[in-house]
Amino acid sequence: MARNRKVTVSTDVHGHTAGWAETDLATAAPPEPDPTAAAFFDVDNTMMQGASIYWFARGLAARNYFTTGDLARFAWQQLRFRLLATEHAGDMSQAKEAALAFIEGWRVDDVERLTEEIFDELMAPRIWGGTRRLAQRHLAAGERVWLVSAAPVEIGRVIATRLGLTGAIGTVAEIVDGAYTGRLVGDLMHGPAKAEAITQLAAVEGLDLSRCTAYSDSANDLPMLSTVGRAVAVNPDGTLLRQARQLGWEVRDFRTGRRAVKIAVPSTAAAGLLAGAVTAGLALHRRRRGG
């Protein structure tokens, strides 16, 4: 605890100095960083309204990579990625194959540049203020904070940097000579893969998962939430809300009913865009330009 001294001067009714007193003031020192504690935040509907890959696709559409009509059609085709059987191996295999088409041949620096631009335009206004404050509390307590998302890690990394967070865990694509090869390193960062990823990160970074916190909106992230010592349901879906109440987990909801309805369609569709809209849109863009 650091200390400083304050001199208090008093005056009489005529404005003459009557005397002074010296007192010690305790000033709070910054908290000692806890190298074993960290926080993990899901991105879609937890840190951000809707899905990051959806807004990325919207930004690409605005830049004429494909039309908004294409975007709507691709999104509709991919709804079942989230709604019907997201945990089934066949669906995840198809999503992985589609993700390969999205990244193949693209330069990493181009994706990062576009993500920075699109974050500032479309994503930043949709960051949940309440969730961001939760992340800032962990940082203020000397803890590290990671985003964990099924989106390409390059997108997650840009969001983390813009928000002043430690880093991001996401779907990793193979890169050769600065370009994506069209192959993924491992699987999509979804469901149990998130729990495995933070467990591996904990081993590398010396984290004690029992001292860590995880935040998510989706029951798909129950494996991640169950891996840490403290789980928080943020803007939870119905299944996660029931589980949180049953297990005694904290619940934070930054939505209003009206607002939740307004974002429901784009956010649900967005989860599938990694496997659909962006993929088909970029392919269409290449065909139109003869590339």
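**Confidence**

I began with pLDDT, the predictor's confidence in each residue, from 0 to 100. The chain averages 77, and 64% of its residues reach 70 or more. I noted that this is a predicted model, where local features need pLDDT of at least 70, side-chain atom pairs count only at pLDDT 80 or more, and totals for chains, interfaces and linings use all residues. Residues are numbered from 1 along each chain as its sequence is written, and side-chain values use heavy atoms, with hydrogens and water left out.

**Helix α5**

Helices (H or I, at least four residues) and strands (E, at least two) are DSSP runs, numbered from the N terminus. I checked the span of α5, residues 108–123. The expected span is 1.5 Å times one less than the number of residues.

Next I listed its buried residues (under 20% relative accessible area; exposed is over 50%, partly exposed in between; 1.4 Å probe, protein chains only). They are Val 108, Val 111, Leu 114, Thr 115, Ile 118, Phe 119, Leu 122 and Met 123. Their cover includes α1 (52–62), α7 (153–163), β6 (173–176) and β7 (179–184).

**Helix α7**

I found α7 mostly covered, with eight of its 11 residues buried. Glu 154 and Gly 156 are among the buried ones. Just after α7, Gly 164 takes a positive phi of about 75 degrees.

**Cores**

I looked up the nonpolar cores, sets of buried Ala, Val, Leu, Ile, Met, Phe, Trp, Tyr and Cys residues joined through side-chain atoms within 4.5 Å. The largest has 38 residues. Phe 41, Met 47, Phe 56, Met 123, Leu 147, Ile 159 and Leu 165 touch the most other members. Elements that each supply at least two residues include β3, α6 (129–140) and β9 (230–234). The largest share, seven residues, comes from α5. Another core, of 25 residues, lies apart from it and includes Trp 146, Val 148, Met 224 and Val 228.

**Met 224**

I followed Met 224 into helix α9, residues 222–227. Met 224 is buried, at 0% relative accessible area. Among the residues it touches are Asp 42, Lys 194, Ile 198 and Tyr 215. Ile 198 is 26 residues away in sequence and 7.8 Å away in space, C-alpha to C-alpha.

**Rings**

For aromatic pairs, I took rings of Phe, Tyr and Trp (its six-membered ring) with centres within 6.5 Å; planes under 30 degrees apart are stacked, over 60 edge-to-face, the rest tilted. I count three pairs. Phe 40 and Trp 146 are stacked, 6.0 Å centre to centre with 20 degrees between the planes. Phe 40 lies in β3 (38–42) and Trp 146 in β4 (144–152), so the pair ties together parts 106 residues apart in sequence. Phe 40 is buried at 0%, and Trp 146 is buried at 7%.

Phe 41 and Tyr 215 have ring centres 4.1 Å apart and planes at 5 degrees, so they are stacked. This pair links β3 to β8 (213–216), 174 residues apart. Phe 41 is buried at 0%, Tyr 215 at 2%.

Last, I checked for a charge over a ring (NZ of Lys or CZ of Arg within 6 Å of the ring centre and within 35 degrees of the ring normal). The charged end of Arg 126 sits over the ring of Trp 55, 3.9 Å from its centre.

Note on methods. Contact = heavy atoms within 4.5 Å. Lists of a residue's contacts leave out its neighbours within four places in sequence.
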